[in-house]
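Hello,

Here is the structure we talked about handing over. Please open it first, then read the notes below.

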Amino acid sequence: MGTSEDGAPARAWHAVVAATLKNNDVRLIAYVPDRVLTPLIACLHADADVTIFPTAREEEAAGILAGAWMGGRRGALMMQTSGFATLANVLASLIVPCQIPLIMLISERGVLGEFNIGQALVARTLRPVLDALAITHHTITRLDELEFIVDRSVRQAVATQAPVALLLSPLLTGGKTLAS
Amino acid sequence: MPHGDNAALGNAKVMNRFELTRRILAQLEREEAVVAGIGNTNFDLWACGPRAQNFYMLGSMGLAVPIALGVALAQPRRHVVALEGDGSLLMQLGCLTTVATLGPANLTIVLMDNGIYQITGSQPTPAASADFVALARAAGIARASWAADEGDCERLLRAALAGGPSFIAARIDTQPAVATTERDPARIRERFMRGLGVRT
Ligand SMILES: Cc1ncc(C[n+]2csc(CCOP(=O)(O)OP(=O)(O)O)c2C)c(N)n1
């Protein structure tokens, strides 16, 4: 992952995300996996302070996290682009109207060297759906901006009782290519 | 062994959803949370009168059980009851395996099985020969039973409140819900959070 300006080894993106979520008391993680998210999922599974589990569908995870929020516990949903594409109805009928600060971390597939035409096509629905529902979203491309964006986004979501989507670009994660 | 003498699907009595919901609520004495699904399950819960620990889900068909599971994970000392329709559960059957895998002791699922999508015009569901209790057991929820009648449902619920996760299925008649929930999602959510002691 290279070195930072002062010569110290830079932390990996997944370690930064995991630590920043925890610092904001986001300790309940539901996911449907994605290859790119594997190191993040593994590092959260290894953390005894975090409850992390897979669900059968992304919609189900959104429901669980909505219930947990109402019960006083913060959480985040991790998925890939195609998983987000299954969520329009529950965002429009539950998360947005109930003002649930759902934190969504989306591994951005379908761009910058995608090999799978289905991923490339479904990726085009991502930002239009978010914009149609006026859901705040940020595309994170740089390691040096990662902690700031995740930290401030979680705080804003909670303070304004609104969902947020953080799109993890291949520029940050390396993405997935045919070889990987 | 509370589930040893289960009723089979075929000899479970067909009950009324409002009447059963009323009886279920009467068993809840410890501020248990109740999450009711889209349409009739939340309409009949609403009809039973105001209760601060009730969540009425207005959209997001199929998510009553996941929402209840989330509440159960957040508040392990409070029991949570999900009231869900059969058509709705069919849309999110995978949630049963998640419940079984996480195994929250404080979660009970009550399925109101009328065999139809009643609220959209009573079309049949694509589950004519399915047994939902068998599905729940196969998903890994060992405490899963058909309620033979109203009294049996109360007995199963008492056992479920003592430790779950549990799944109780009730055959339901085709009477419509007796009231309609007020459509104000933000207010419903805020009232529920206050009822759960998350907000003051
Ligand atoms: C994703 C989605 N598909 C379809 C609908 C339309 N719809 C609303 S309620 C409902 C039927 C619910 O059936 P069930 O859960 O069995 O309850 P019942 O009406 O029989 O009480 C349907 C199909 C919807 N709201 N959302």
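How many Å separate an oxygen atom of the ligand from an N or O atom in the side chain of Ser88(B)? The answer is 2.6 Å. Keep in mind that this is a predicted model.

**The ligand**

The ligand sits between chains A and B. There are 16 residues around the ligand. Asp86(B), Gly87(B), Ser88(B), Ile116(B) and Ile119(B) come nearest. Two further side chains of chain B also put polar atoms by ligand oxygen. For Asn40(B), an N or O atom of the side chain is 2.9 Å from an oxygen atom of the ligand. For Asn114(B), the distance from a polar side-chain atom to a ligand oxygen is 3.0 Å. On its own the ligand has 590 Å² of accessible area, and the protein covers 75% of that.

**The interface**

Chain B brings 27 residues to the contact and chain A brings 26 residues. Together the two chains bury about 2000 Å², with 67% of it on carbon and sulfur atoms. Three residues stand out on the chain B side: Leu73(B), Gln92(B) and Arg189(B) supply 22% of the area that chain B buries against chain A, more than any other three residues.

What holds polar groups across the interface? The rule finds 0 salt bridges there. It does find 8 residue pairs in polar contact.

Helices H3 (64–74), H5 (94–102) and H8 (185–195) of chain B each give two or more residues to the side that touches chain A. H3(B) has the largest share, with 7 residues. By type, that side of chain B divides into 18 nonpolar, 7 polar and 2 charged residues.

Best wishes

Technical notes. Residues numbered from 1 in each chain as written. Chains lettered and ligands numbered in written order. Predicted model: local features only at pLDDT ≥ 70, side-chain atom pairs only at ≥ 80, totals over all residues. Heavy atoms only, no water. Contact = heavy atoms within 4.5 Å. Buried area = accessible area lost by both parts, 1.4 Å probe. Salt bridge = Lys/Arg side-chain N within 4 Å of Asp/Glu carboxyl O. Polar contact = N/O pair within 3.5 Å; in protein donor to acceptor, adjacent residues only side chain to side chain. Helix = DSSP H or I, 4+ residues; strand = E, 2+ residues; numbered from the N terminus. Nonpolar A, V, L, I, M, F, W, Y, C, P; charged D, E, K, R; others polar. Near = heavy atom within 4 Å. Areas by Shrake-Rupley, 256 points an atom, 1.4 Å probe, with all protein chains shown as cover.
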